[in-house]
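This report describes how the parts of one protein chain are arranged and packed together. Please keep the sequence and the 3D view open while reading.

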Amino acid sequence: MPSSMPARPPAELPLAVTQGDPCGIGPEIIAKLFGSGAAARGCFVVGDVDVMRRAAGWVGGLLSVAVIAQPADAWRVPPNCIPVWSVPALDALQAPMGQVDARAGASAAACIEAATALALQGEVA
């Protein structure tokens, strides 16, 4: 087995979902997924906790958002909670909602890069 492969089978690794454009519908769709109970256990969002809290507020219900320190913590989050692994230095909330903005694009790209790094390190499926 090459050293770049995860030490555990992928089924036991958490699943990272990037938040997408923080000024688009991605965070809201993710919040609806977690709110419906359809999100797989061990699934977490790579993004900005404030963006996901805003999205959780839009979809209503008793959906909370929790910051996780490492991907494996996604397994310990209770139901009706969105676990978020925060990407440092995101400036997403300053960008206008529903409009194309370079800061939103940079935020989405940073989340993809962070999730890719986690996958290459064997921390996520």
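## Overall make-up

Of the 125 residues of the protein, 39% count as buried, where buried means under 20% relative accessible area, exposed means over 50%, and partly exposed lies in between (1.4 Å probe, protein chains only). This is a predicted model, in which local features need pLDDT of at least 70 and side-chain atom pairs count only at pLDDT 80 or more, while totals for chains, interfaces and linings use all residues. Residues are numbered from 1 along each chain as its sequence is written, and side-chain values use heavy atoms, with hydrogens and water left out.

The protein holds three helices and four strands, and along the sequence these follow the pattern β-α-β-α-β-β-α; helices (H or I, at least four residues) and strands (E, at least two) are DSSP runs, numbered from the N terminus. Among contacts between residues at least 6 apart in sequence, 68% join residues at least 24 apart, a contact being heavy atoms within 4.5 Å.

## The sheet

The four strands form an open sheet with parallel pairing, in the order β1-β2-β4-β3, and two strands are said to pair if DSSP finds at least two bridges between them. The edge strands are β1 and β3, each of which pairs on one side only. Neighbouring strands of this sheet are turned by 40° against each other on average, direction ignored, with axes taken as lines fitted to C-alpha atoms, for helices over the stretch in contact, and angles running from 0 to 180 degrees between N-to-C directions.

Strand β4 is mostly covered, as five of its six residues are buried. Its parallel pairing with β2 runs over three bridges, and valine 84 of β4 is the bridge partner of valine 45, while serine 86 of β4 is the bridge partner of glycine 47. Strand β3 (residues 64-67) pairs with β4 in the parallel sense over four bridges, and here valine 84 of β4 is the bridge partner of valine 67.

## Helices α1 and α2

The axes of helix α1 (residues 26-36) and helix α2 (residues 49-59) come within 8 Å and cross at roughly 65°. In the contact, Pro27, Glu28, Ile30, Ala31 and Lys32 of α1 meet Val51, Met52, Ala55, Ala56, Trp58 and Val59 of α2. These residues divide into nine nonpolar, no polar and two charged, where Ala, Val, Leu, Ile, Met, Phe, Trp, Tyr, Cys and Pro count as nonpolar, Asp, Glu, Lys and Arg as charged, and the others, Gly among them, as polar.

Which residues of α1 are buried? They are Pro27, Ile30, Ala31 and Phe34, and because they cover an arc of only 100° around the axis, they lie on the same side of α1; the arc is that of the directions from the helix axis to the C-beta atoms. What covers these buried residues includes β1 (15-18), β2 (43-47), α2 and β4 (81-86). In α2 the buried residues are Val49, Val51, Met52, Ala55 and Ala56, and their arc of only 155° around the axis puts them on the same side of α2. The buried residues of α2 pack against α1, β2, β3 and β4.

## Individual residues

Cysteine 81 lies in strand β4 and counts as buried because its relative accessibility is 8%. Not counting residues up to four places away in sequence, cysteine 81 touches Phe34, Leu63, Ser64, Val65 and Ala66. Cysteine 81 and alanine 56 are 25 residues apart in sequence, and 9.4 Å separates them in space, C-alpha to C-alpha.

Asparagine 80 lies in the loop between β3 and β4 and, with a relative accessible area of 44%, is partly exposed. Its phi is near 60°, a positive value in a residue other than glycine. Most residues other than glycine have a negative phi.
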